[in-house]
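Student: I have a new structure to look at, and I would like to learn how to read it. Could you take me through it step by step?

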Amino acid sequence: MRLMKVICTECGADAKIKKTARKYSHFADLYCSCSEPECGHTFVMNMTFSHTLSPSAMTHGRMVKDIADSIHPDQREVAAAFLNRSAKEARETERQNGEINGVIITRR
Ligand SMILES: [Zn+2]
């Protein structure tokens, strides 16, 4: 596991997070202390959520339902066809990338 590295804003030495004050689920104040004895700088950094790289498996179903609910019933079959086409294209791209990277080896 990689721990978050905080650098002192005054001297550039490593700093330690002494306390985390979570204000909201997406925002926290990190109380930091410089490890360089001659510096002694203590300061507060902010940690915020930025964006999702891969959606949570726990919330994926709810997200899909929210999207489906926001689409007019007449348009849901069009959306389903789009998703099916998109999934086929993604699988085809994965298959081609696998062949390029030598993951799938076929002998003739
Ligand atoms: Zn420092």
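Student: How many strands form the sheet, and in what order do they lie?

Tutor: A general idea to begin with: strands of a sheet pair through backbone hydrogen bonds, and the pairing is either parallel or antiparallel. In this predicted model, four strands make an open sheet with the order β1-β2-β3-β4, and they pair in the antiparallel sense.

Student: Which strands stand at the edges?

Tutor: Those are β1 (6–7) and β4 (42–48). Each has a single partner strand, so one side of each has no neighbour in the sheet.

Student: Let's follow the pairs. How many bridges join β1 and β2?

Tutor: Two bridges link β1 with β2, which covers residues 14–24, and this pairing is antiparallel. You can find one spot by eye: Val6 sits opposite Ala15 in β2.

Student: And how many bridges are there between β2 and β3?

Tutor: There are eight, again antiparallel, with β3 covering residues 27–34. Look for Thr20, whose bridge partner in β3 is Leu30. Between β2 and β3 there are two residues, and the two strands form a hairpin.

Student: What joins β3 to β4?

Tutor: Seven bridges do, and the two strands run antiparallel. Here Tyr31 has Val44 in β4 as its bridge partner.

Student: Let's look at one residue in the sheet. Is Val6 buried, exposed or partly exposed?

Tutor: In general, side chains in a regular strand alternate between the two faces of the sheet. As for Val6, this residue is found in strand β1. A residue counts as buried when 20 or more other C-beta atoms lie within 10 Å of its own, and as exposed when there are 12 or fewer. Val6 has 18 such atoms within 10 Å, so it is partly exposed.

Student: Which residues is Val6 in contact with, leaving aside its neighbours within four places in sequence?

Tutor: The contacts of Val6 are Ala15, Ile17, Leu30, Cys32 and Met45.

Student: Now the whole chain. In what order do the elements run from the N terminus?

Tutor: The order is β-β-β-β-α-α, which gives four strands and two helices. The radius of gyration is 24 Å, well over the 13 Å that the globule rule gives for 108 residues, so the chain is more spread out than a compact globule. Along the principal axes, the C-alpha trace spans about 65 × 50 × 20 Å.

Student: What share of the residues counts as buried?

Tutor: Of the 108 residues, 4% do. For contacts, take those with a separation of 6 or more: 23% of them are between residues 24 or more positions apart.

Student: Where are the domains, and what distance separates their centres?

Tutor: Domain 1 is 6–48 and domain 2 is 60–100. Taken over C-alpha atoms, their centres are 43 Å apart.

Student: Can we finish with a residue in a helix? Where does Ala79 lie?

Tutor: Ala79 is in helix α2, which covers residues 76–100. With 13 other C-beta atoms within 10 Å, Ala79 is partly exposed. To see how it lies relative to Lys5, 74 residues away along the chain, note that 44 Å separates their C-alpha atoms.

Note on methods:
Residues are numbered from 1 along each chain as its sequence is written. This is a predicted model: local features need pLDDT of at least 70, side-chain atom pairs count only at pLDDT 80 or more; totals for chains, interfaces and linings use all residues. The radius of gyration is taken over C-alpha atoms; the globule rule is 2.2 Å times the number of residues to the power 0.38. Two residues are in contact if their C-beta atoms, placed from the backbone, lie within 7 Å. Two strands pair if DSSP finds at least two bridges between them. Domain bounds come from an automatic or database domain assignment.
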